Amino acid sequence: MKAIILVGGEGLRLRPLTCNLPKPMVPIVNRPFLEHMVEHLKRHHIDEIILAICYLPDRIQQHFGDGSSFGVKLSYAVEQTPLGTGGAVKNAEQFLKDTFLVFNGDIFSDLDLTEMVRFHLAHKAKATIALTPVKDPTSYGVVELNSQNRVKGFIEKPSPERVTSNLINAGIYVLEPEMLELIPAGVRSMLERGLFPDLVKRGIPFYGYQSHAYWLDTGKPDDYFKLNHDLLMGKVVSRLPGKAVTDGIWAEAGCKIHPSVKLTGPIVMGRGCIIKQNAKISGPTVLGNRSIIGQGCILDEAILWQNVKLGKDVSVKNSVIGNDTTVKDNTWVTDGSIIGDDVTIGSGNKLEHGIKVWARKTIEDNAISF
Ligand code: GDD
Ligand code: MG
């Protein structure tokens, strides 16, 4: 069976993490977001995947190629200008001749896809949409079902007074290929504002598949922290990279950890990390490949991307630090701060309150003081 993943968005809300990187390539526990998705599909024997791509397609294509190193067959449907969720699926029509799956490319879920497809076929549905309950449905597609799980209402991002259910569109669909005939070609359209309300209106068999599987929309920085944490805490089915060296500590090859270092898991370390004496690291924490953690550093709920260098007595708490960034001695990065790629932060600074530092910036010594 084939699946199409919609990866056209820019991920603006995750900036500066997405300044140099399309959102699907943002690392989640040291592997691009999209790699986790591909693995989830493979677990359900879905190994032909189409990526509907628009923003920075080269980065994604360079990493995934034809998919063979990931055990799948990948094709690309590239849009010159964003065609919306409907237009993007229509643009891949040539690949979609049988029942197929569609995924929003920014949701993380361990939903049982095999069961969902079985449900779709058993109901002889033309379209089936996965549903998940949320507290505030107003920023999602809200779905109303009848007692047979047939969709009787679909409203995208309703105002609070129009909310009729707490079940929302989880961004995973099973569609029959004839649904493509209902999507206009070559123009921007949204499944959520076009096809889905249309199916309800026309009385075409359209079903909702409810589940309590893990589900997270990863649009905002808080969700980015949550997703890394949940993976490390084992709240979602996934595979952590590296080998389990002791309880709750996973490390890839070539890590050097001074014997005085105190580690409290869960911690994942990429290849070739160096952790110097008296450093203290508490999980959930991720160290990207070639991280260097200086003497006496304290890390707690930290997410470091690749090649991050921390000087002596640096403290990183509840924050993300991008690729190739250096933080010099006695600096604190705390409280949901997000530091972009290639940044240099001088010594004696205190970054907190969710501060965001854009890529390639330099902060002088003692510029943001205690
Ligand atoms: N190829 C392509 N082209 N992909 C696109 C385009 C486009 O023009 N526009 C959006 N996408 C991709 C995004 O990258 C994302 O992966 C997915 O389609 C959904 O778009 P978002 O912009 O993230 O939509 P949303 O989060 O506001 O709402 C959607 O997701 C909710 C669940 O997270 C809707 O599907 C809601 O109904 C749903 O509840
Ligand atoms: Mg989204």
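The second largest cavity in this predicted model has a volume of about 60 Å³. A cavity here is a set of points on a 1 Å grid over the protein atoms alone where a 1.4 Å probe fits but cannot get out, and a volume is the space filled by probe spheres set on the points. Lining residues have an atom within 4 Å of a point; for this cavity they include Leu 14, Phe 33, Asp 106 and Tyr 224.

A word on the basis. The model is predicted, with local features needing pLDDT of at least 70 and side-chain atom pairs pLDDT 80 or more, while totals for chains, interfaces and linings use all residues. Residues are numbered from 1 along each chain, chains are lettered from A and ligands numbered from 1 as written, and side-chain values use heavy atoms, without hydrogens and water.

Next, the largest cavity. About 110 Å³ of space lies in it. Of its 15 lining residues, His 36, Met 37, His 40, Phe 108 and Ser 109 lie nearest the centre. Helix α1 gives the largest share of that lining, 6 residues; helices are DSSP runs (H or I, at least four residues).

That brings us to α1 itself, residues 33–43, which packs against helix α2, residues 57–64, at an angle of about 50°, with the axes 11 Å apart. The axes are lines fitted to C-alpha atoms over the stretch in contact, and angles run from 0 to 180 degrees between N-to-C directions. Where they meet, Leu 34, Glu 35 and Val 38 in α1 contact Ile 60, His 63 and Phe 64 in α2, with contact meaning heavy atoms within 4.5 Å.

Definitions and conventions: Helix = DSSP H or I, 4+ residues; strand = E, 2+ residues; numbered from the N terminus. 1 Å grid on protein atoms, 1.4 Å probe; cavity = no way out; pocket = protein on both sides within 12 Å on 5 of 7 lines; lining within 4 Å.
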